[in-house]
Amino acid sequence: MDKLVDASLSPDLASRPFKFTSKQGRNRRAQLLSIAFELLKEKSPEEISFADICKKAKIPRPSAYHFFPNVEAIFHGIRLLHSEGMVEKLTALNHETFHTWKEYIERSIDVAIEVTNSEIAFPRLIYGYRMSNPEMRLVGQELDIKLANLTKQGLVERFHLPNLSILDQIFGVAISIPDSLLKLSYRSYGDFTPWMVGEAKKATISYLLNYFPEVCEQKK
């Protein structure tokens, strides 16, 4: 949560830039995000209003508008926190050992689930709620590109992959496969079931086998 307090978020999400220097400003922004987190443990995003968050945070709505213009902007802040966690955990895979590219793909999916399940707010916002703000959806698309690049780099640095001109596009499709299946699992069962997680791994690997051999030589 502290990492979001001084963050800039997306510039079009607020009526003024997020440039808080006062301790009170940082505290109030953190309080609004914390209260949203708490409410999401009890309710679905659709059941939570901007007024609910302000009331529970004991911050007048006119003051809260200085930090977030609406409830979606608060939810977006929480989603950015999830995104940051994803990037950190995927980057940390650099310290792990993988003998095959398939192991790396499976581990990447496990990491995505670990981060998403670390807070009940994350799956509720990411898989159970649709943002209406187009700028927020654009940020989500940019994150997908970043995660695809991280996955690609993780494999390129470890294995001799085929030299393909469409490698970026391949990984863009590859990360969308588990994302879609995890969304299906959450919306169908309210959770990421072991069977659906297994299907997500198999589907992703099966897709990549169209472009990669069963075994790619490890780089020394």
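Colleague: Which residues in helix 10 does helix 9 meet?

Modeller: This is a predicted model, by the way. From helix 9, the residues involved are Ile170, Val173, Ala174, Ile177, Pro178, Leu181, Leu182, Leu184, Ser185 and Tyr189. Across from them, helix 10 brings in Met196, Val197, Glu199, Ala200, Ala203, Thr204, Tyr207 and Leu208.

Colleague: And how many residues of that contact are nonpolar?

Modeller: Sort the residues where helix 9 touches helix 10 and you get one charged and two polar.

Colleague: Are helix 9 and helix 10 roughly parallel or antiparallel to each other?

Modeller: Helix 9 covers residues 167-189 and helix 10 covers residues 194-208, with axes 9 Å apart. Their packing angle is about 160°. Angles over 145 degrees count as roughly antiparallel, so helix 9 and helix 10 are roughly antiparallel.

Colleague: What about the handedness of the crossing of helix 9 and helix 10?

Modeller: The angle between those two helices is about 160°. As for its hand, the crossing of helix 9 and helix 10 is right-handed.

Colleague: What share of the chain's contacts with a separation of 6 or more joins residues 24 or more positions apart?

Modeller: The chain has 220 residues, with 45% of them buried. It exposes about 11800 Å², 51% of that from carbon and sulfur atoms. For contacts with a separation of 6 or more, the share from residues 24 or more positions apart is 72%.

Definitions and conventions: Residues are numbered from 1 along each chain as its sequence is written. This is a predicted model: local features need pLDDT of at least 70, side-chain atom pairs count only at pLDDT 80 or more; totals for chains, interfaces and linings use all residues. Side-chain values use heavy atoms; hydrogens and water are left out. Axes are lines fitted to C-alpha atoms, for helices over the stretch in contact, and angles run from 0 to 180 degrees between N-to-C directions. Helices (H or I, at least four residues) and strands (E, at least two) are DSSP runs, numbered from the N terminus. Angles under 35 degrees count as roughly parallel, over 145 as roughly antiparallel, 65 to 115 as roughly perpendicular and the rest as oblique. A crossing is left-handed if the near helix is turned anticlockwise from the far one by less than a right angle, and right-handed if clockwise. Contact means heavy atoms within 4.5 Å. Ala, Val, Leu, Ile, Met, Phe, Trp, Tyr, Cys and Pro count as nonpolar, Asp, Glu, Lys and Arg as charged, and the others, Gly among them, as polar. Buried means under 20% relative accessible area, exposed over 50%, partly exposed in between (1.4 Å probe, protein chains only). Accessible areas come from the Shrake-Rupley method with a 1.4 Å probe; for residues, only the protein chains shown count as cover.
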